[in-house]
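Thanks, everyone. Please have the viewer open.

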Amino acid sequence: MRHALVLVALMLLAACERAPEVTFADAAITLPDDPTELPDLPGRDAVIANCTACHSPSTMLQQPAIPRARWESIIGKMTEVYKAPIDQSAVPEIVDYLLAAQAARPPERSAPDVAPTS
Ligand code: HEC
């Protein structure tokens, strides 16, 4: 009798440890190409040297049009929070570039097409 109880207890324990029944389906995504190149304006080299190591041009250029002081504060955040090794003497040139690039872009920019792959 005692053996039977131990056996039942062991069977219950084994049942508890059974892996949950989860089915994983294959899925695929296609990342969009980054369509935004850096326009050829003065200061472009400074942006490439100081900014593009960490993110794509579109991260910078697809922001809403923002004033100079806001750009300076974003670049300050890159330096202080994200420890970006930004040449501080290049910051005015970088801000000039970003302002000019935003002013030069088309007024309406639609999101890049992301085709579902089903
Ligand atoms: C050391 C890496 C690094 C460098 C270099 C860098 N950034 Fe960033 N940047 C980040 C990170 C991390 C984020 C946050 C990304 C996120 O939130 O997904 C970010 C976000 C941003 C954003 C999005 C808005 C925001 O406030 O988060 C802008 C705009 C931006 N960076 C501009 C710049 C510019 C301009 C430069 C060059 C002067 C630069 N970054 C250099 C790491 C970097």
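Before I count anything, a word on terms: helices here are DSSP runs of H or I, at least four residues long, and strands are runs of E, at least two long, numbered from the N terminus. On that basis, the protein chain has five helices and zero strands. Read along the sequence, the pattern is α-α-α-α-α.

Keep in mind that this is a predicted model. How confident is the predictor across the protein chain? The average pLDDT is 81, and 73% of the residues score at least 70. Helix α1, residues 2-16, has the lowest mean pLDDT, at 69. Helix α4, residues 68-80, has the highest, at 96. Where pLDDT is low, the predicted coordinates should not be read in detail.

Now the overall picture. The protein chain has 118 residues, and 11% of them are buried. Take the contacts between residues at least 6 apart in sequence: 72% of those join residues at least 24 apart.

Next, the largest nonpolar core. Twelve residues make it up, and C51 is one of them. Also in the set are L38, A46, V47, M60, W71, I75, I94, V95, Y97, L98 and A101. Helix α5 gives the most, with five.

V95 first. Setting aside residues up to four places away in sequence, V95 touches R68, W71 and E72.

Then L38. This residue is found in the loop between α1 and α2. Why does L38 count as buried? Because 20 other C-beta atoms lie within 10 Å, and the cut-off for buried is 20 or more. Leaving aside neighbours within four places in sequence, L38 is in contact with R44, V47, I48 and P57. Now find L98. L38 and L98 are 60 residues apart along the chain, yet their C-alpha atoms are separated by 9.6 Å.

That's my tour. Over to you.

Notes:
Residues are numbered from 1 along each chain as its sequence is written. This is a predicted model: local features need pLDDT of at least 70, side-chain atom pairs count only at pLDDT 80 or more; totals for chains, interfaces and linings use all residues. pLDDT is the predictor's confidence in each residue, from 0 to 100. Two residues are in contact if their C-beta atoms, placed from the backbone, lie within 7 Å. A nonpolar core is a set of buried Ala, Val, Leu, Ile, Met, Phe, Trp, Tyr and Cys residues joined through C-beta atoms within 7 Å.
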